2 protein chains.
Amino acid sequence: MRLSRYFLPILKENPREAEIVSHRLMLRAGMIRQQGAGSFSWLPLGKKVLDKVCRIIREEQDRAGALEILMPTIQSADLWRESGRYEDYGKEMLRIKDRHERDMLFGPTNEEMVTEIFRSYIKSYKDLPLNLYHIQWKFRDEVRPRFGVMRSREFLMKDAYSFDLDFEGAKAAYNRMFVSYLRTFTRMGLKAIPMRADTGPIGGDLSHEFIILADTGESEVFCHRDYLDLKVPGEATDFTNDDEIAGIVRDWTTPYAATDEMHDEAAWDKIAEGDRLSARGIEVGHIFHFGDKYSKPMGAKVTGPDGKDHNVSMGSYGIGPTRLIAAIIEASHDENGIIWPESVAPFDVGIINMKAGDAECDRVCDELYSKLTAAGRDVLYDDTDQRPGGKFATADLIGLPWQMIVGPRGVAAGEIEIKNRRTGERETLPIEAATKRLGAA
Amino acid sequence: MRLSRYFLPILKENPREAEIVSHRLMLRAGMIRQQGAGSFSWLPLGKKVLDKVCRIIREEQDRAGALEILMPTIQSADLWRESGRYEDYGKEMLRIKDRHERDMLFGPTNEEMVTEIFRSYIKSYKDLPLNLYHIQWKFRDEVRPRFGVMRSREFLMKDAYSFDLDFEGAKAAYNRMFVSYLRTFTRMGLKAIPMRADTGPIGGDLSHEFIILADTGESEVFCHRDYLDLKVPGEATDFTNDDEIAGIVRDWTTPYAATDEMHDEAAWDKIAEGDRLSARGIEVGHIFHFGDKYSKPMGAKVTGPDGKDHNVSMGSYGIGPTRLIAAIIEASHDENGIIWPESVAPFDVGIINMKAGDAECDRVCDELYSKLTAAGRDVLYDDTDQRPGGKFATADLIGLPWQMIVGPRGVAAGEIEIKNRRTGERETLPIEAATKRLGAA
C-alpha cells in the first residue's frame with residue numbers, strides 16, 4: 001500500500017480522554033475512532049491488525065477441531081427466558097423491542113442460542129464431540145465504559161461452545177481449548193499464563209483465565225517462575241489424542257499461578273523466594289466448563305450408548321479479539337509507539353522514501369515495493385512528501401517491525417538502511433541483500 | 001474436512017416455511033438455521049460460502065482503491081439527527097435506549113457515521129479521492145421478513161462511501177465502483193446487468209442497480225441481448241485511469257436495460273424483436289451518487305485548490321453478501337440441489353467413499369484427501385457409513401462442483417470415477433490421472 005493512497009490519520013497530540021497507553025497509541029496511530037461511549041470504528045490500520053488476530057484465532061480453533069458458524073447479534077428474549085437468564089441478567093444486557101413490540105436483545109453471549117441450534121439437530125452421542133464457535137459482535141452496556149477497546153460496550157468476541165455426552169468427554173473438550181489457547185497467544189508474541197478462575201455455583205476446577213504479563217496490566221498476578229520456560233505445544237500437537245492433550249494441560253497447571261482474587265498466601269509462601277513471580281497481568285481469554293447448566297433447562301439431550309437420554313455436558317471458551325489488540329500493545333510498546341509482534345503487525349515492512357520526487361529514490365523504492373509485494377510481504381510504502389523526521393516518527397508509532405530507509409546518498413552508493421523496530425538496530429546493506437533479508441529473492 | 005467430524009445437518013424433508021427455492025435449499029443443505037423472524041445463523045457450510053463471497057467482494061473493492069474499515073453496529077441517534085434522517089426513517093429503523101436512556105439505533109446503513117469519520121480527519125482536497133468501505137451487520141425491521149436470507153431483518157452488507165472534491169471526481173469514483181461490481185459478480189459466476197435506477201430527489205443519472213438474471217427472480221427486467229456478449233473487464237484493468245474506466249462504463253450503459261419500474265415502452269419498441277431480452281431478475285447491488293446530501297448538513301468540507309471550502313461530493317455503493325448467496329442459488333440449481341460456481345463453492349471437491357471400512361477404499365480415499373488438501377484444494381471427504389445413495393444425494397444437494405467416487409470394484413482396477421456437478425458428466429479414470437485432473441500432482 002502506498003501511504004499517499006492510504007487513510008492513516010495520525011494524531012500529533014496525546015488524546016486527553018485516553019487513560020491507558022494502548023488507548024492512547026491506538027488513537028494516535030489512527031487505528032480506531034471513538035463513535036460513542038464504549039463504541040469504536042476500526043480504521044484501515046486497525047482493521048488490518050484485527051484481521052490478522054482473528055485469523056490466528058481461527059486457525060487454532062480449527063486445528064483443535066472446532067467448527068466455525070456465525071450467529072446473529074440480535075436474539076429473541078424468549079430463548080433467554082428458557083434458561084432463566086433473561087430476568088437474571090442485569091442492566092448490562094441491551095434490551096430492545098421491535099416494531100411488533102416483541103422483546104429482543106443484543107447478544108452479550110450465546111450459550112442459549114447455540115444450545116438451541118444443538119438441540120434442533122443432534123440426537124445421538126454418535127454425533128459428538130461437537131464444538132461450535134463464532135466471531136461476532138457483542139454488546140454489554142457497562143455503566144462506565146473506558147480504556148478504549150479494552151473495555152468497550154460493543155466488542156468482538158470469539159466464543160466457542162463444546163457439547164459432550166458426559167463429564168469425561170467435556171473435560172477432553174476443555175483440554176483441547178486450553179491447549180489451543182496456549183498456541184493462539186504464543187503465536188501473537190504473548191506470554192500467556194493459565195490461572196484457575198472462580199467457578200462459582202458450578203464448582204469443580206475447570207475454569208481458567210489466560211493472563212498475559214504486561215507492566216501496565218490491570219491486576220496483580222502471582223505465579224511460579226517456571227512458567228517463563230514452559231514449552232508451548234507445537235504445530236504437530238495431535239488434538240485427537242486425549243492423553244497427549246491432557247499431559248500438556250497437566251504441565252501447564254502444575255506450577256502455582258493465581259490472580260489476586262484466587263491467590264493463596266499459604267501456597268505462595270511455600271515457593272522459594274527466587275521462584276516467585278509477582279507481576280501485572282491482563283486477562284485475554286477465559287475457558288469454562290458448566291456441565292448441564294443450559295442443556296438441562298433447555299432440553300439439549302442425546303441418546304447415549306446405553307439407549308437412554310443424557311443432558312449434554314457443555315463448556316464455553318472466549319477470547320475478545322478487539323480487547324486482545326489493546327492487550328498486545330500494553331505488553332509491547334515503547335515511548336515512540338507500538339512494537340507489533342510480526343504475526344499481527346498491520347504491515348510486515350515499511351519503505352521510507354527520504355526524498356520522494358528524486359528520480360533515483362523513487363525508482364529504488366518502486367522496485368523494492370514491487371519485489372516485496374510479489375514475494376507476499378505486506379508493505380506500506382511512505383511515498384509522501386513529508387520530511388524524513390516525520391516519516392520515521394510515523395513508522396515507529398504504528399510499529400512496523402521492519403523499516404527500509406531509502407535516501408539519495410545511500411542509493412548513489414547502491415545501499416539502503418534497514419531498521420528493526422523492536423531492537424532499534426540499523427544496518428546498511430547493498431540493496432539486493434536488504435531485499436533478500438526481508439524475504440524477497 | 002472429514003464429514004464424520006463436520007456439522008452438516010441435512011434436512012430430508014422440504015421445510016414448509018420456505019417459499020422460494022434458495023431458502024428451501026439453504027435450509028435443506030444445512031447452511032442456515034432460522035433464529036427468529038428474519039434472523040439466521042450461518043452453519044459451517046453456509047459460513048464457508050459467506051467467507052468466499054466476502055473475500056471476492058473485498059479483493060475487488062481493494063483493487064478499485066477502496067479501503068476497508070469496520071464501523072460498529074450500534075449508532076448514536078444524535079448523529080442521525082444531524083442529517084435529519086432520525087425522524088424521517090420509519091419503523092424499519094430499530095431504535096434502542098441504553099441504560100442511561102440515551103437514544104441509539106442498530107445501523108440500517110452508515111452514511112452519517114462515515115461522514116463523521118471523514119469530517120474529523122480530512123481537511124484538504126489533497127487527501128482525496130477517498131473511498132471507505134466495511135462489511136458489517138445491518139438491521140432493518142421489515143414488517144414481513146421472508147424468503148430466507150433474501151429478505152431478512154439482520155443481514156450482512158458491504159457498503160462503500162466515496163468522497164471527492166467535486167462532481168467530476170465523484171463521477172470517476174462512481175465509475176470505479178461500477179466496474180468493480182461488474183468484476184465482482186462475474187467472478188461469482190453471475191451474469192449481472194447494470195440498470196438505471198431512480199435517483200429520487202437527488203436527480204441525475206448516477207444510480208444503477210445490478211441485476212442478475214434468474215428464472216425464479218423477484219422482478220421483471222428488460223434489456224438488449226447485446227449484454228449477454230459484453231466483455232467483462234479483466235484483472236489488468238487500470239483503476240487509476242479515469243478514461244479507461246469511463247469507457248467501460250459507457251460500453252455497459254449504452255444498450256437498453258431497465259427494471260420494470262424504469263421501463264420505457266417507447267425505447268423498448270425501437271429494439272429489434274430478436275434483440276429484446278425480457279427476463280426475471282434479482283437485484284444484487286446498488287450504487288448511488290448523492291452529492292452533498294450528507295456532507296452539507298454535517299459540515300464535511302475540504303479546502304480546494306482555490307483555497308475555499310467545498311462540501312465533499314459523495315456516493316454510496318452496496319452489496320448484500322448474505323442476500324447475494326441466495327441469489328446465486330436462485331440462478332444456479334437443479335432438482336437435486338445447489339450448483340455452486342467453483343469460486344464460491346463451500347468445498348472444491350467431494351470424496352465419496354462408497355464403502356467406508358473397506359481397507360482399500362479407505363486407503364485410496366485417505367491418500368486422495370491428503371494429496372488434494374496439500375495442493376490447497378478445499379475437500380469434503382465423506383467417510384461416514386451412510387449408504388452410497390445417500391452420499392450421492394448429499395453431495396448433489398450441497399452442490400460440490402467435483403465429486404470423486406471411490407468404490408471397491410474401481411479401486412481393485414486402480415480407478416475412480418469423477419463427476420461434474422453442473423454437467424452431470426461422469427468419467428472413470430486411473431487414480432493418479434483423476435487426482436491430477438482435480439488439481440493435485
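Does α6(B) pass α7(B) in a left-handed or a right-handed crossing?

Modeller: Left-handed: that's how α6(B) goes past α7(B) (left-handed if the near helix is turned anticlockwise from the far one by less than a right angle, right-handed if clockwise). A bit of housekeeping before the rest. This is a predicted model, so local features need pLDDT of at least 70 and side-chain atom pairs count only at pLDDT 80 or more, while totals for chains, interfaces and linings use all residues. Residues are numbered from 1 along each chain as written, chains are lettered from A and ligands numbered from 1 in the order written, and side-chain values use heavy atoms, leaving out hydrogens and water.

Back to the helix. In chain B, α6 covers residues 167-187 and α7 covers residues 242-253 (helices are DSSP runs of H or I with at least four residues, strands are E runs of at least two, both numbered from the N terminus). Their axes come within 9 Å and cross at roughly 60°; axes are lines fitted to C-alpha atoms, for helices over the stretch in contact, with angles from 0 to 180 degrees between N-to-C directions. That angle is why α6(B) counts as oblique to α7(B) (under 35 degrees is roughly parallel, over 145 roughly antiparallel, 65 to 115 roughly perpendicular, the rest oblique). On the α6(B) side, the contact (heavy atoms within 4.5 Å) uses B:A172, B:N175, B:R176, B:F178, B:V179 and B:L182. Facing them from α7(B) are B:D242, B:I245, B:A246, B:I248, B:V249, B:W252 and B:T253. Sorted by type, this contact has 9 nonpolar, 2 polar and 2 charged residues (Ala, Val, Leu, Ile, Met, Phe, Trp, Tyr, Cys and Pro count as nonpolar, Asp, Glu, Lys and Arg as charged, the others, Gly among them, as polar).

α6(B) has another partner: α2(B), residues 44-63, whose axis also comes within 9 Å, crossing at roughly 150°. So α2(B) and α6(B) are roughly antiparallel, and their crossing is right-handed. Here B:I56, B:I57, B:E59, B:E60, B:Q61 and B:R63 of α2(B) meet B:M177, B:S180, B:Y181, B:R183, B:T184 and B:R187 of α6(B). The residues of this contact divide into 4 nonpolar, 3 polar and 5 charged.

Stepping back to the dimer partner, 57 residues of chain B touch 57 residues of chain A. Between them the chains bury about 4700 Å², 61% of it on carbon and sulfur atoms (buried area is the accessible area, with a 1.4 Å probe, that two parts lose on being put together, summed over both). In chain B, B:F7, B:R99 and B:Y121 lose the most area to chain A, together 17% of what that side buries. The two chains share 6 salt bridges (a side-chain nitrogen of Lys or Arg within 4 Å of a carboxyl oxygen of Asp or Glu). B:D98 and A:R153 also meet in a salt bridge, at 2.9 Å, N to O.

One last thing to check in chain B is the backbone: B:L128 and B:P129 are joined by a cis peptide bond, with omega about 0°. B:P129 lies in the loop between α5 (111-121) and β7 (130-139) of chain B. In chain A, the peptide bond from A:L128 to A:P129 is cis too, with omega near 0°.
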